[in-house]
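Let us walk through this structure one region at a time. Keep the model open and follow along.

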Amino acid sequence: MNYTQYFENAVDALKRERRYRTFAEIERDTAHFPRATWHGPQGPRDIVIWCSNDYLGMGCHDDVIEAMCATAREAGAGAGGTRNISGNSHAIVELEAELADLHGKEGALVFTSGYISNETGISTLARLIPDCVILSDELNHNSMIEGVRHAGREKQIFRHNDLAHLEELLRAAGDRPKLVVFESIYSMDGDVSPISAICDLAERYGAMTYLDEVHAVGMYGPRGAGVAERDGVMQRVDVIEGTLGKAFGVVGGYIAAKRAVIDAVRSYAPGFIFTTALPPAVAAAAAASVRHLKNSGAERARQQAQVAKVKDALERAGLPQLVTDTHIVPVMVGDAEACKAASDMLLSDHGIYIQPINYPTVPRGTERLRITPGPCHDDAQVAALAAALVDVWSRLGLPFIARAQAAE
Ligand code: PLP
């Protein structure tokens, strides 16, 4: 039996379908983020990162790094076990209090990632509600899809952000218990869901709501609690889920909700119970980041300013960006090979790192470069980005938007 062949065949299939992924080896430089070193085939080289989900550069913030180092020195490197056995650190309890306060909820529960929060959070919640029907947006993240799947409950998928379709499905579910799961910002198209209108429907049809704010926490709302805070509807959402790994710059995930919900998930969720807790140093760093962004709007303001400059520069250059109201700037390529080639040329010829986004992360034919400007990008870097994209687009023969149209 040649077991190796199974794996080689599987990888070959991806290569044939042009879906095989390669990762650039990047070394960040905290003092100069978004500058970094790329360890490429020709050796180390300075580059600028334009695709980080450390959206606000908080992973390089002095307070966050100091909290991590000081706590590691005091409490050690690891958690020492699951929360049930010996991993319930002071730092993680403080972090949960910080998160509950951020979202104005009675409690919060921390997991090892945003992925696990969704996967184990959604499945546990739905399993604890007898006869529950789950209504899920068709563009929900894989972690939510897996959560819905593992719940083993009936599911109904509503068309993306389509309130009429959601209402139709809510009505059809009659008086059974219902859980609506959706995101605030969809990370690939950068569009925003109508949270308030979804809450209206949920209230009208007696449904519970679960909102993923992974691409919004830290960045939207006066204290960085997300789009629900910005829109003044945070109290109307039953469960808010977030990550500590993107705008908060560390790692981990959480849900925030009523005490009874948190206590039940804590008691029943396998993805919480059976895994080693976040180390205290990580929890302390995340808490420092959350605390900082509750009190400082400077990073958010500067991020929004730089996002606007990038969108403007791309528009003036006639580059085909997907228009968004958020910090996510997708530039459409529409072909897997061209997308990879554009990314490679940006890195090797211009020292600009933007990972290509291909199927299955996005549908075939909508391959793109996903740009995430942050507060640490300066104006010269914005200009260099636009010039580099124009050069790559021209050399690859990719279509520009007609200048007149671009200027509209
Ligand atoms: N939810 C959404 C919408 C995401 O895009 C992601 C990751 O990109 C996650 C959850 C998972 O979060 P984490 O990276 O913290 O595991």
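Predicted model: local features only at pLDDT ≥ 70, side-chain atom pairs only at ≥ 80, totals over all residues.

Start with a pair of strands: β1 and β2, the latter covering residues 35-40, run antiparallel to each other and are joined over three bridges.

The loop between β1 and β2 deserves a stop. Pro34 is found there. The peptide bond that joins Phe33 to Pro34 is cis, with omega at about 15 degrees. Most peptide bonds are trans.

Now widen the view to the whole sheet. Four strands make up this open sheet, in the order β1-β2-β3-β12, and their pairing is mixed. Which strands stand at the edges? They are β1 (26-28) and β12 (352-353). Each has a single partner strand, so one side of each is left without a neighbour in the sheet. A helix packs on this sheet: α13, residues 336-350. Helix α13 touches β2, β3 (43-49) and β12. Its direction makes about 115 degrees with that of β3.

Move on to another open sheet. Here three strands are arranged in the order β11-β14-β13, with antiparallel pairing. The edge strands are β11 (329-332) and β13 (356-357), and each of them pairs on one side only. Between β13 and β14 (residues 368-371), which run antiparallel, there are two bridges.

The loop between β13 and β14 holds another proline, Pro360. The peptide bond leading from Tyr359 to Pro360 is cis, and omega is near 10 degrees.

Next, turn to the ligand. There are 13 residues around the ligand, and those that come nearest are Gly114, Tyr115, Asp212, His215 and Thr243. Which element gives the largest share of the shell? Helix α4 (residues 114-128) does, with three residues. By class, the shell holds eight polar, three charged and two nonpolar residues.

With Asp212, a polar side-chain atom lies 2.7 Å from a nitrogen atom of the ligand. With Thr243, a side-chain N or O atom is 2.6 Å from a ligand oxygen atom. How much of the ligand does the protein bury? Taken alone, the ligand exposes 390 Å², and the protein buries 83% of that.

Finish with a backbone detail. Asp131 sits in the loop between α4 and β5 (133-137). Its phi is near 65 degrees, a positive value in a residue other than glycine. Most residues other than glycine have a negative phi.

Definitions and conventions
Residues numbered from 1 in each chain as written. Heavy atoms only, no water. Pairing = 2+ DSSP bridges. Contact = heavy atoms within 4.5 Å. Axes fitted to C-alpha atoms, helices over the stretch in contact; angles between N-to-C directions. Near = heavy atom within 4 Å. Polar contact = N/O pair within 3.5 Å; in protein donor to acceptor, adjacent residues only side chain to side chain. Areas by Shrake-Rupley, 256 points an atom, 1.4 Å probe, with all protein chains shown as cover. Nonpolar A, V, L, I, M, F, W, Y, C, P; charged D, E, K, R; others polar.
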